[in-house]
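Open the model in your viewer and keep the selection tool at hand. The stops below go from one element to its surroundings.

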Amino acid sequence: MIGAVLVGVAGGFVAGMLGVGGGVLFVPGLVTFLSLTQHQAEATSLLAIVPVAIVGTYTQDRYGNVHRADALLLGLLSVAGAAAGVALANALSGAVLRDLFAALMLLVAAQLLRKTLRTSA
């Protein structure tokens with residue numbers, strides 16, 4: 001239970017502060033601290049992110065940071081992407097899914113590092 005609380009608070013904080021999906025922390029946290037399978041962690045993360053997204057969006061909108069037309073378009077298009085992603089995820093083994101998630105995290109980290117090095121030079 002304490003692991004779930006820590007994962008939830010950390011994921012929500014990072015999502016709200018940096019605008020990244022809480023799944024970046026939720027999925028590894030659920031696998032590591034709650035011993036969920038990769039499939040279970042990803043499915044749980046998808047449901048858990050709904051309230052985080054609502055609160056984060058509402059708060060950012062109050063600051064005037066939400067471009068509503070773009071947000072609506074992204075939201076509508078992501079529904080089809082989410083359905084396709086779930087279908088593909090269920091067709092893959094947990095090991096392949098874990099490796100793909102790790103590869104995505106490495107690509108994101110590499111991109112952030114590249115941008116950081118470019119702007120600090």
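Select helix H1 (2–18); helices here are DSSP runs of H or I with at least four residues, numbered from the N terminus. At 1.5 Å a residue, the 17 residues of H1 should span 24 Å, and its end C-alpha atoms are 24 Å apart, which agrees. The expected span is 1.5 Å times one less than the number of residues.

This is a predicted model, in which local features need pLDDT of at least 70 and side-chain atom pairs count only at pLDDT 80 or more, while totals for chains, interfaces and linings use all residues. Residues are numbered from 1 along each chain as its sequence is written, and side-chain values use heavy atoms, leaving out hydrogens and water.

Next, pick Gly 3, Val 7, Gly 11 and Ala 15, the buried residues of H1 (buried is under 20% relative accessible area, exposed over 50%, partly exposed in between, with a 1.4 Å probe and protein chains only). Look down the axis of H1: these residues fall within an arc of 80°, so they line one face of the helix. The arc is taken from the directions from the helix axis to the C-beta atoms. An α-helix has 3.6 residues a turn, so residues three or four places apart point the same way.

Which helices do the buried residues of H1 pack against? They pack against H2 and helix H3 (38–62), contact being heavy atoms within 4.5 Å.

Now turn to the face of H1 directed away from its buried side: Ile 2, Leu 6, Val 9, Phe 13 and Met 17 are exposed there.

Finally, select Gly 19, which follows H1 and has a positive phi, near 80°.

Methods
Helices (H or I, at least four residues) and strands (E, at least two) are DSSP runs, numbered from the N terminus.
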